Amino acid sequence: AGLYLRIPSLEDKGYKKARQIMDIFDGPTPVYLVCEDTGKRLLSPSSGWVDVNPPMLSQLRKVLGGDNVKLVD
């Protein structure tokens with residue numbers, strides 16, 4: 001299980017906003033980043049994992065776009 005985010009790059013402003021949102025919802029769910037610039041899939045360190053909830057997902061979809069936020073069970 002995990003939360004997958006497709007982002008343009010780790011330097012992207014949208015990703016930095018998303019990170020600020022996720023920092024509020026600290027929790028047990030791993031966060032995977034798919035970077036479009038490098039094609040790499042990265043696992044966030046456990047300090048960046050999240051407590052998944054509808055408000056957080058809604059905010060992330062606003063910042064990154066609905067297609068770029070996927071929750072996988």
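Tutor: Two strands count as paired if DSSP finds at least two bridges between them. Helices (H or I, at least four residues) and strands (E, at least two) are DSSP runs, numbered from the N terminus. By these criteria E1 and E3 pair in the parallel sense over five bridges, with Leu 5 opposite Leu 33 in E3.

This is a predicted model, in which local features need pLDDT of at least 70 and side-chain atom pairs count only at pLDDT 80 or more, while totals for chains, interfaces and linings use all residues. Residues are numbered from 1 along each chain as its sequence is written, and side-chain values use heavy atoms, with hydrogens and water left out.

The sheet is open and has four strands in the order E4-E3-E1-E5, with mixed pairing. At its edges stand E4 (41-43) and E5 (69-72); each has a single partner strand, so one side of each lacks a neighbour in the sheet. On average, neighbouring strands are turned by 25 degrees against each other, direction ignored. Axes here are lines fitted to C-alpha atoms, for helices over the stretch in contact, and angles run from 0 to 180 degrees between N-to-C directions.

On one side of the order, E3 and E4 run antiparallel and are joined by three bridges; Tyr 32 has Leu 43 in E4 as its bridge partner. Five residues lie between the strands of this hairpin, and among them Gly 39 takes a positive phi near 75 degrees. Strand E3 (residues 31-35) is largely enclosed by the rest of the structure, because four of its five residues are buried (under 20% relative accessible area; exposed is over 50%, partly exposed in between; 1.4 Å probe, protein chains only).

Strand E1 (residues 2-7) pairs with E5 in the antiparallel sense over four bridges, and Leu 3 stands opposite Leu 71 in E5. Helix H2 (residues 54-64) packs on the sheet and touches E1 and E5, its direction making about 15 degrees with that of E1. Contact means heavy atoms within 4.5 Å.

Leu 3, in strand E1, is buried at 0% relative accessibility. Not counting residues up to four places away in sequence, its contacts include Val 31, Tyr 32, Met 56, Leu 57, Leu 60 and Leu 71.

Ser 44, in the loop between E4 and H2, is also buried, with a relative accessible area of 6%. Beyond four places in sequence, Ser 44 touches Arg 19, Val 31, Leu 33 and Trp 49.
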